[in-house]
Amino acid sequence: MDFQMMKRRYGPTVHLTPTGELDLDTRAALLEVLTDLDGVTAVACDMRHLTFMDVTGLLGLTACAHRLATRGIALVAYNWQPQPLRLMNLIDSLYPPAGHNANHGGPTHLLRRSLQARSLPPERPE
């Protein structure tokens, strides 16, 4: 199946809907997401139509999430399908967080933030 990325912008939020298979051949489409983001504060990515993702696709997606984070743009991905979610769980089990990164939850932590968690204020220490 061909990979497609639908991109819509509503004010400071960009909505993405990837469709198909994210792999080495289609990973370049993620780089297009990083263009034209002036004034964007959040990227919401509906993953319900992403039917397959290999390790190179996951690496591209996590790199995209890190680049967005360095620009102060939050990525929220939701509606994960079973196969991509299994791959993320496998990668996180192989590379558990250690030391100061223990609070992050593994290599795919930026892809697992929920809309609810993004909207909650940060916890204050007692």
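The model is predicted: local features need pLDDT of at least 70, side-chain atom pairs count only at pLDDT 80 or more, and totals for chains, interfaces and linings use all residues. Residues are numbered from 1 along each chain as its sequence is written, and side-chain values use heavy atoms, leaving out hydrogens and water.

**Stop 1: the whole chain.** Show it as a cartoon. You will find four helices and five strands. These are DSSP runs numbered from the N terminus: helices are H or I with at least four residues, strands E with at least two. Trace them from the N terminus: β-β-α-β-β-α-β-α-α.

**Stop 2: the surface.** The chain exposes about 7,800 Å² (Shrake-Rupley method, 1.4 Å probe). Carbon and sulfur atoms supply 56% of that area. Of the 126 residues, 37% are buried, meaning under 20% relative accessible area.

**Stop 3: the cavity.** Select M5, L16, L30, V33, V43, C45, L61, C64, L68 and L75, which line the largest cavity. Here a cavity is a set of points on a 1 Å grid over the protein atoms alone, where a 1.4 Å probe fits but cannot get out; lining residues have an atom within 4 Å of a point. Its volume, the space filled by probe spheres set on the points, is about 50 Å³.

**Stop 4: the lining.** Color α1 (29–33), β3 (42–46) and α2 (55–70): each gives two or more residues to this lining. Which element gives the most? It is α2, with three residues.

Methods:
Buried means under 20% relative accessible area, exposed over 50%, partly exposed in between (1.4 Å probe, protein chains only). On a 1 Å grid over the protein atoms alone, a cavity is a set of points where a 1.4 Å probe fits but cannot get out, and a pocket is an open set with protein on both sides within 12 Å along at least five of seven lines; lining residues have an atom within 4 Å of a point.
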